[in-house]
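Good morning, and thank you for making time for this item.

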Amino acid sequence: NSMEVKLLISGVVLIALTATVCGIAPKNTKIVGGGTAAAGAWPWHVSIEINGFYTCGGTLINNQWILTAAHIPTSMLKVYLGRDALNYSNPNEQSRSVFRKIPHPQYSTTTFDNDIALLQLSSPVTFTDYIRPVCLAKSGSTFDAETSCWITGWGDIGNNGISLPDPKRLQEVNVTVVSNIECDRVYGDVTSNHICTSSSRGGTGICVGDGGGPLLKKTDNKWVQAGVMSFVAFQGCALPNIPEGYTRVSNYQSWISSHFSSNPPGFVYSGAAHLVSLSVPLLLYISLLLLSVFNL
């Protein structure tokens, strides 16, 4: 009947729209560096809050779904899109409650393996220059050691709970991928589901509160999400030669796609290489959940 035809056409349009607009940030001109992000520079980055308190990050992957980490809380979540600073609202912002959270069924709370989750928003959002979906790394994508990527977040900017100063604007920084083997030398239980970054000098990287946010690489003029921020060393954030861990998005294309009967996220192939391997003294590591929300 005519209703079925309209629904089908609508679905086709949405699929084309997500695949076409994903990874395009009209207000982003980044090449190298870091610091405070310009408004709209990373239009897929979202703020996830509980009772008005910022908890972690995530990324918009179509008009109603967020990709984030499994380690984030499950209830009373609210998502803010198009947000520039945590401590003031802006006319480009939209917010939604979370209808449901779908964590990966094999998520490990001890090794952070499979630390990935989907959030379905209560209703679709409207794409603007400030609110757009990111592309996701397609199955088979690879990210060599020494690959230059970007990370974004509102997490702590130093150890011992040093948080962003008001108004808490979104931060961005250039980081470098290290081999899984180099990463495993530090942690001892890094798997092929992980991807790591590190700096020989330290001082830049992810920290508590950044969990769920993206590791990004620009590929053919589209920003592709390679990783979901997952863990840092127990000893602290952004330490010299101590890698930080992300969930490798390309390993989860099938799992992510299984939750979409229509309007799937845009998957884009990125990279071409293999990861090298090394061996091990061990460090504990911690989740990137902003624990202060729970007064822990």
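First, the conventions. This is a predicted model, in which local features need pLDDT of at least 70 and side-chain atom pairs count only at pLDDT 80 or more, whereas totals for chains, interfaces and linings use all residues. Residues are numbered from 1 along each chain as its sequence is written, and side-chain values use heavy atoms, with hydrogens and water left out.

Let me begin with the disulfides. A disulfide is a covalent bond between the sulfur atoms of two cysteines; the criterion applied here is a pair of cysteine sulfur atoms within 2.5 Å. How many disulfides does a search of the whole structure find? The search returns three. Counting bonded cysteines along the chain, their pattern is 1-2, 3-4, 5-6.

The link of Cys 22 and Cys 135 is right-handed, at 90 degrees about the S-S bond. This pair connects distant parts of the chain, 113 residues apart: Cys 22 is in the loop between α1 (2–21) and β1, and Cys 135 is in strand β8. Helices and strands here are DSSP runs numbered from the N terminus, a helix being H or I over at least four residues and a strand being E over at least two. Both Cys 22 and Cys 135 are buried, where buried means under 20% relative accessible area, exposed means over 50%, and partly exposed lies in between, using a 1.4 Å probe and protein chains only.

A further disulfide joins Cys 183 to Cys 196, S to S 2.0 Å. The link of Cys 183 and Cys 196 is left-handed, with -70 degrees about the S-S bond. Cys 183 belongs to helix α2 (residues 180–187) and Cys 196 to strand β11 (residues 194–198), so this bond ties together parts that are 13 residues apart in sequence. Cys 183 is buried, at a relative accessible area of 0%, and Cys 196 counts as buried at 0% relative accessibility.

Cys 207 and Cys 237 also form a disulfide, and their sulfur atoms are 2.0 Å apart. The torsion about the S-S bond of Cys 207 and Cys 237 is about 75 degrees, and therefore the disulfide is right-handed. Distant parts of the chain are linked here as well: Cys 207 lies in the loop between β11 and β12 (214–219), Cys 237 in the loop between β13 and β14 (244–248), and the two are 30 residues apart. Cys 207 and Cys 237 are both buried.

Two other cysteines may be mentioned. Cys 56 is buried, with a relative accessible area of 0%, and Cys 149 counts as buried at 0% relative accessibility.

I turn now to Ala 226, which is found in strand β13 (residues 222–233). Is Ala 226 buried or exposed? Ala 226 has a relative accessible area of 0% and is therefore buried. Its contacts, meaning heavy atoms within 4.5 Å, include Phe 143, Ile 195, Leu 215 and Arg 248, leaving aside neighbours within four places in sequence. Ala 137 is also in contact with Ala 226; the two are 89 residues apart in sequence, yet 5.4 Å apart in space, C-alpha to C-alpha.

Thr 147 sits in the loop between β8 (135–137) and β9 (148–153). Thr 147 counts as buried, at 12% relative accessibility. A polar atom of the Thr 147 side chain lies 2.7 Å from the backbone oxygen of Asp 144. Beyond its neighbours within four places in sequence, Thr 147 is in contact with Val 175, Thr 176, Val 177 and Lys 217.

On a 1 Å grid over the protein atoms alone, a cavity is a set of points where a 1.4 Å probe fits but cannot get out, and lining residues have an atom within 4 Å of a point. The structure holds one cavity of 30 Å³ or more. Of the 15 residues lining the largest cavity, the closest to its centre are Ala 39, Gly 40, Gly 82, Arg 83 and Asp 84. The largest cavity has a volume of about 100 Å³, a volume being the space filled by probe spheres set on grid points that are joined across faces, edges and corners.

Thank you; I welcome discussion.

Terms used. A polar contact is a pair of N or O atoms within 3.5 Å; within protein, one must be able to donate a hydrogen and the other to accept it, and residues adjacent in sequence count only if both atoms are side-chain atoms. On a 1 Å grid over the protein atoms alone, a cavity is a set of points where a 1.4 Å probe fits but cannot get out, and a pocket is an open set with protein on both sides within 12 Å along at least five of seven lines; lining residues have an atom within 4 Å of a point.
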